Amino acid sequence: MNTNYADNNHLILMGKVTSEKRFSHEIYGECFYIFDLEVPRLSDTADIIPVTISERLIQDEKMSVGSKVLIRGQFRSYNSYENEKNKLILTVFAKDIFYEQEIEEQIETEESKDSTSNEVILTGYICKKPIYRQTPFGREIADLLLAVNRAYNKSDYIPAIAWGRTARFCQNLEVGTEVKVTGRVQSRSYEKKFEDGTSITKVAYEVSIGSLEVIDEKEDAGEENNQEAM
């Protein structure tokens, strides 16, 4: 079992601040805030990702709306109880932030500039049977839910989506299978309809899987199954 929790969940995001910070919570006298980060995709669209950050990392004069930042941290979840219902909330937890003047130096430590814009690496366990489906246009998709261990007997429950032949492979994964995924954090808008006919637009956050490995503790690492996305 992997007990190096820092390696279980690691991400890098680089983008533009699109909101003022807003208070989230306080733990042992340390205040945490949330702000929105716009992270461009290779297409003309962008993902708007919520980032949770400690007051101890914030430099107000450098983190204004429109400023460019690079975040290193983890993709985390927590439960929120609303109207007697349990809701899974996803957020990026910033362990480090680099402001515009510092970003170029950080980029030079990465293999390429592209790799620093939006990358997340998770090692966790399949905790729900993957749901495989095809779109009306024949595109293959599989929805996964990963339990990623964190320190102090906590876990993050991270939804992920696989495509193409990786999706086809995932449909046969059993609950409890340990996997390592590499991908990007994405935001997705959808319409939630109610029984009275009304609807509201909501935003979901998930990991779009680029590659997936099944970790088999009974075999050598070199014999792990490796499925690359199309």
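Guide: Lys16 is partly exposed, with a relative accessibility of 37%; here buried means under 20% relative accessible area, exposed over 50%, and partly exposed in between (1.4 Å probe, protein chains only). This is a predicted model, in which local features need pLDDT of at least 70 and side-chain atom pairs count only at pLDDT 80 or more, while totals for chains, interfaces and linings use all residues. Residues are numbered from 1 along each chain as its sequence is written, and side-chain values use heavy atoms, leaving out hydrogens and water.

Lys16 pairs with Glu38 in a salt bridge, with 3.8 Å between the closest N and O atoms. The term denotes a side-chain nitrogen of Lys or Arg within 4 Å of a carboxyl oxygen of Asp or Glu. Because Lys16 belongs to strand S1 (residues 9-17) and Glu38 to strand S3 (residues 30-40), this pair ties together parts 22 residues apart in sequence. Strands are DSSP runs of E, at least two residues long, numbered from the N terminus. Glu38 is likewise partly exposed, at 28% relative accessibility.

A salt bridge also joins Asp60 and Lys21, at 3.0 Å from N to O. Asp60 sits in the loop between strands S4 (46-54) and S5 (68-82), and Lys21 in the loop between S1 and S2 (22-27), 39 residues apart.

Arg133 and Asp143 meet at 2.3 Å, N to O, in another salt bridge. This pair links strand S8 (residues 131-134), which holds Arg133, with strand S9 (residues 140-150), which holds Asp143.

Terms used. Helix = DSSP H or I, 4+ residues; strand = E, 2+ residues; numbered from the N terminus.
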